[in-house]
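Trainee: I am new to this structure. Can we walk through it together?

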Amino acid sequence: MSRLADLLARGRARGVHSGAAWSVGDASGPLDRGWIGTRSWDGPPLDGTDVWDLASVTKPLAGLAVMALVERGVLRLDDTVGAHLSHYRGGDKAELTVRQLLTHTSGIPGRVPLYREHPTRAALLEAARLLPLTARPGTRVQYSSQGFIILGLIAEAASGEPLDRLVERLVCAPLGLRDTGFAPDAARRARAVATEDCPWRGRVVVGEVHDENAVVLGAPAAHAGLFSTLENMERVGAALAAGGRGLLRPDTFALMTAPHTDGLGARRALAWQGRDPVGSPAGEVFGPDSFGHTGFTGTSVWVDPAAGRYAVLLTNRVHPSRAGDAITAERRAFHDLAAGVGTGRHQPD
């Protein structure tokens, strides 16, 4: 058993997740990969074809589609919300820019459970439009799923295409991601890994989006809702490790993954997390220019461009309950081990 497998098996034994899949590799593909555990605590063993709810890892994948639109001149980073969404004109979000939404510097508040009081798509979108800003735009990083919901609407308005088709055309098709998308069909749901025993829905969620705001929205959203497999996420990781190969021009990819928010409280690129000096999910070994993203369900992808290395971790840490934060330490330990795979360097215990 590899050290990565042993780490994740110990996590399962502690109840952090019922199952985990991982891949560590470079631009040519995986160097270490595998899976341990079961799709639910009383379910079948993982077999490598399992379908995972990516949660907020959706954000950078949707962000890649947005940057492809920027590269094609369909959008500009300094375009305003009001320029594309007429019903935002005259409000406090009219002058927010695409760049601010991508870097979470818009001032739109963070994880707001709008679904509790706004049970329809129209009502939830209106509630998002009316959320008061809690910071002056451009002055600090404040993680905001609501900002990405608005970003998805802008991408749709600018392109004239629904978000799911944009992601399929600009991200999935170029990389051959046949098992990645929103709202899995019956065949994919049959391979889905369980997430939360959801108090709001009164059942264990399997094969449908975990994020409640996304449930109410119904249609694809840019903040959460993509599902994928280990093999598909390996393709994403390899493309990212190769500088955005097949997705964006090198200059566009460099712009997307460079830090844009130093001095504003957290390091953010365009739709990506940067590596903060303290407490980063990347751990202690991945380089200072590394970037990635985590998902609330227990997923993540991280890339160290200097090393040409990617690391994908897929777990269902919210099953059966979202309580607890043991995934935080496990994820950091995973990345510290992943940094040494195939290098001959000592991998910390």
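Trainee: Is Pro-132 buried or exposed?
Mentor: Buried means under 20% relative accessible area, exposed over 50%, and partly exposed in between, with a 1.4 Å probe and protein chains only. Pro-132 has 56% relative accessibility, so the residue counts as exposed.

Trainee: What kind of model is this, and how are residues numbered?
Mentor: Residues are numbered from 1 along each chain as its sequence is written, and side-chain values use heavy atoms, with hydrogens and water left out. The model is predicted: local features need pLDDT of at least 70, side-chain atom pairs count only at pLDDT 80 or more, and totals for chains, interfaces and linings use all residues.

Trainee: Where is Pro-132 found?
Mentor: Helices (H or I, at least four residues) and strands (E, at least two) are DSSP runs, numbered from the N terminus. Pro-132 is in the loop between helix H5 (121–130) and helix H6 (145–159).

Trainee: Which residues does Pro-132 touch?
Mentor: Contact means heavy atoms within 4.5 Å. Residues up to four places away in sequence are not counted. That leaves Asp-92 and Pro-109.

Trainee: Is His-210 buried or exposed?
Mentor: His-210 lies in the loop between strand E6 (203–206) and helix H9 (212–217). Leaving aside neighbours within four places in sequence, His-210 is in contact with residues including Asp-53, Glu-196, Phe-296 and Arg-322. His-210 has 4% relative accessibility, so the residue counts as buried.

Trainee: How many disulfides are there?
Mentor: A disulfide is a covalent bond between the sulfur atoms of two cysteines. The rule asks for a pair of cysteine sulfur atoms within 2.5 Å. By this rule the count comes to 0 disulfides.

Trainee: Is Cys-172 buried or exposed?
Mentor: Cys-198 is buried, with a relative accessible area of 2%. Cys-172 has a relative accessible area of 2%, so Cys-172 is buried.

Trainee: How many helices and strands does the protein have?
Mentor: Buried residues make up 58% of the 349 residues. The secondary structure of the protein comes to 12 helices and 11 strands.

Trainee: What radius of gyration does the protein have?
Mentor: The radius is taken over C-alpha atoms, and the globule rule is 2.2 Å times the number of residues to the power 0.38. With 349 residues, a compact globule would have a radius near 20 Å. The protein agrees with that, at 19 Å.
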